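Let's take a walk through a protein structure together. Have the sequence and the 3D view open, and look up each residue as we come to it.

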Amino acid sequence: MPEGVAATLTKQAFQDSIQAAQQTGEAQALPSDTPEPPPSLTPAPTFTQTVEPSLTPTSPPQHVLLPGSPTGRNTFVLDLITVDLAKDQTAVGDNYAWSRMERPYTAETMEYLDFLDIWRADMQVKDPWVYVTFVLVGDLPQDGDYRYAVELDIDHEGRGEYLVMASLPPDDAWTTDDVWVLEDADGDVGGFFPLYEDTLDPEQNGYEREIFHAGKGEDPDLAWVRRDPDHTNQLQLAFKRELIGLSGLLWNPWTDGGIKDPGLFDFNDHFTFEEAGSPNKGNYRYPVKAVAQVDSTCRVWYGFIPTGEEPGLCTTGETARDDDPDQGYCVAKLSAAGCQSACLLECPQGETCLPCQLP
């Protein structure tokens with residue numbers, strides 16, 4: 001395991017990571033995960049809803065442009081990690097009502113899967129690419145049916161417009177094999193209240209439209225995946241910047257070894273809390289059941305200044321762009337315009353920042 005992740009295996013580092021993650025917590029209070037008297041339980045549903053391929057079969061893709069390598073980060077998010085609680089087969093930080101998953105466990109048996117446990121995710125925007133690097137607690141396995149994805153909320157209202165998703169890649173060469181870009185063409189991801197647990201609408205079909213799969217689509221180079229050549233616990237997605245537009249976005253990473261069905265976003269609209277189970281031993285719904293082997297984070301912003309009312313919002317740090325050495329960041333308040341401090345090389349952790357010119 002890499003040195004940086006190995007350090008998280010200590011109790012103190014786990015507590016530090018909780019503190020750091022709390023600094024990037026959601027802007028609005030989340031419902032607490034407190035035990036309640038158990039209602040009548042119903043059997044967990046079978047997974048019958050799937051994405052219908054919307055691409056016309058074509059000849060093998062002819063690639064023109066391959067990604068390079070991310071050399072920094074413009075924004076990032078930290079997540080709670082479960083490694084120090086794994087021996088007790090429990091977790092904290094899972095908030096099913098608000099689609100915040102901390103469930104890197106197998107259903108019923110509660111086997112901990114450290115390669116699904118997100119420690120940090122970095123985003124670098126470097127034309128023509130957007131790179132997302134997953135930093136995981138454990139090394140990636142050699143094989144297995146696991147998905148790594150990033151949800152893109154282009155209009156900042158809590159409902160993702162696109163999902164970029166890839167299966168576990170075989171090696172550190174960029175590939176489009178088993179990479180998808182899916183669109184919520186009918187705008188029903190998240191139901192009536194995005195991210196929040198809703199009553200199931202039978203017509204709700206999540207990310208239902210494939211616009212790219214394994215090099216097939218209007219742009220055969222739209223999205224790629226690889227294992228990080230330098231870190232065995234890291235995986236990288238790359239997709240064209242044109243996908244996110246010019247008005248900024250909210251984004252958050254996902255890992256999934258359980259449901260793996262984009263048509264079922266948001267998961268908490270398709271499975272009740274009782275059906276999903278809970279990773280927290282203090283909750284009567286324990287253990288995890290229908291919604292297992294899943295981890296996600298709060299929503300990170302990039303390219304715009306949030307109001308603070310966006311569903312699932314994190315605060316986040318940003319660092320100056322490598323291609324503009326004169327650009328820095330100054331602390332800004334979500335309720336006010338303009339800088340509240342001097343221009344700094346990096347945005348302090350947990351603060352919201354605006355770009356500025358370094359002295």
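Rings of Phe, Tyr and Trp (for Trp, its six-membered ring) pair if their centres lie within 6.5 Å; planes under 30 degrees apart count as stacked, over 60 as edge-to-face, and the rest as tilted. With that in hand, you can find one aromatic cluster formed by Y207, W254, F265 and F267.

Before we go on, here is how to read the model. It is a predicted one, where local features need pLDDT of at least 70 and side-chain atom pairs count only at pLDDT 80 or more, while totals for chains, interfaces and linings use all residues. Residues are numbered from 1 along each chain as its sequence is written, and side-chain values use heavy atoms, with hydrogens and water left out.

Now the overall layout. The protein chain has four helices and 16 strands; helices (H or I, at least four residues) and strands (E, at least two) are DSSP runs, numbered from the N terminus. Of the 359 residues in the protein chain, 57% count as buried. Buried means under 20% relative accessible area, exposed means over 50%, and partly exposed lies in between (1.4 Å probe, protein chains only). A contact means heavy atoms within 4.5 Å. Among the contacts in the protein chain with a separation of 6 or more, 71% come from residues 24 or more positions apart.

Next, look at the nonpolar cores. A nonpolar core is a set of buried Ala, Val, Leu, Ile, Met, Phe, Trp, Tyr and Cys residues joined through side-chain atoms within 4.5 Å. In the largest one, which has 40 residues, Y148, L152, V164, F239 and W251 touch the most other members. A second, separate core has 20 residues, including Y96, L163, V291 and V294.

Let's return to the aromatic rings. A pair of aromatic rings is described by the distance of the centres and the angle of the planes. The structure holds eleven aromatic pairs. In one of them, Y96 and F273 are stacked, at 5.3 Å centre to centre with 25° between the planes. Y96 lies in the loop between β1 (75-78) and β2, and F273 in helix α4 (residues 273-276), so this pair ties together parts that are 177 residues apart in sequence. Y96 is buried because its relative accessible area is 1%, and F273 also counts as buried, at 12%. W254 sits in strand β12 (residues 249-256) and F267 in helix α3 (residues 267-270), 13 residues apart. W254 is buried, with a relative accessible area of 4%, and F267 is buried at 1%.

A charge sits over a ring if NZ of Lys or CZ of Arg is within 6 Å of the ring centre and within 35 degrees of the ring normal. R285 lies over the face of F273, at 3.9 Å from the ring centre, and R73 lies over the face of F76, at 4.1 Å.

What does R103 touch? R103 is in strand β2 (residues 102-103), and it counts as buried because its relative accessibility is 0%. Not counting residues up to four places away in sequence, its contacts include Y96, F273, G277, V291 and V294. A polar atom of the R103 side chain lies 2.7 Å from the backbone oxygen of G277.

Finally, consider the salt bridges. A salt bridge is a side-chain nitrogen of Lys or Arg within 4 Å of a carboxyl oxygen of Asp or Glu. A search of the whole structure finds 13 of them. R100 and D79 meet in one (3.9 Å, N to O); both residues lie in the loop between β1 and β2, so the pair ties together parts that are 21 residues apart in sequence. Both R100 and D79 are buried. In another, K240 and D219 meet at 2.8 Å, N to O. K240 is in strand β11 (residues 234-240), and D219 is in the loop between β9 (216-217) and β10 (223-227). K240 and D219 are both buried. Salt bridges that share partners also join R73, R120 and D122 into one network.

Buried or partly exposed: which describes R159 and which describes E157? These two form a salt bridge, with the closest N and O atoms 3.4 Å apart. R159 is buried because its relative accessible area is 15%, whereas E157 counts as partly exposed at 28%.

Definitions and conventions
Polar contact = N/O pair within 3.5 Å; in protein donor to acceptor, adjacent residues only side chain to side chain.
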